[in-house]
Amino acid sequence: EVQNQGVGRRLLEAALAQAKARGFAWVQLLVSPENPGAVALYRRLGFVKCGEADLYGTHWWCMQKEL
């Protein structure tokens with residue numbers, strides 16, 4: 001219902017701002033490469049792929065962003 005309206009981007013930007021305000025130097029997250037919308041969002045916000053992992057029966061990409 002709210003897809004493609006910028007809600008995810010605004011939520012993530014708010015979370016990143018809070019992390020920076022609390023003194024974090026970077027943020028890492030796991031994303032499924034089978035979720036191209038999420039991967040594209042993270043890349044648009046400056047995240048880069050830094051590794052891969054197999055956890056919980058799923059293959060993930062590890063992405064990180066310096067704050």
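Analyst: Let's start with a definition: axes are lines fitted to C-alpha atoms, for helices over the stretch in contact, and angles run from 0 to 180 degrees between N-to-C directions. This is a predicted model, in which local features need pLDDT of at least 70 and side-chain atom pairs count only at pLDDT 80 or more, while totals for chains, interfaces and linings use all residues. Residues are numbered from 1 along each chain as its sequence is written, and side-chain values use heavy atoms, leaving out hydrogens and water.

User: Why is H1 called oblique to H2?

Analyst: The axes of H1 and H2 cross at roughly 45 degrees and come within 11 Å. Angles under 35 degrees count as roughly parallel, over 145 as roughly antiparallel, 65 to 115 as roughly perpendicular and the rest as oblique. Therefore H1 is oblique to H2.

User: Which residues make the contact between H1 and H2?

Analyst: Gly8, Arg9 and Leu12 of H1 and Leu41, Tyr42 and Arg44 of H2 make it. Contact here means heavy atoms within 4.5 Å.

User: What makes Ala15 partly exposed?

Analyst: Ala15, which is found in helix H1, has 42% relative accessibility. Buried means under 20% relative accessible area, exposed over 50%, and partly exposed in between (1.4 Å probe, protein chains only). Because its value is 42%, Ala15 counts as partly exposed.

User: What is the largest nonpolar core made of?

Analyst: That core has 12 residues, including Leu12, Leu41, Phe47 and Trp61. A nonpolar core is a set of buried Ala, Val, Leu, Ile, Met, Phe, Trp, Tyr and Cys residues joined through side-chain atoms within 4.5 Å. Helix H1 (7-21), strand E1 (26-31), helix H2 (36-44) and E3 each give two or more residues to this core. H2 supplies the largest share, 4 residues.

User: How do you know that E2 and E3 pair?

Analyst: Two strands pair if DSSP finds at least two bridges between them. E2 (residues 48-55) and E3 (residues 58-66) have 7 bridges, in the antiparallel sense. Helices (H or I, at least four residues) and strands (E, at least two) are DSSP runs, numbered from the N terminus. E1 and E3 also run antiparallel, joined by 6 bridges.

User: Why do E1 and E2 stand at the edges?

Analyst: The 3 strands form an open sheet in the order E1-E3-E2. E1 and E2 each have a single partner strand, so one side of each is left without a neighbour in the sheet.
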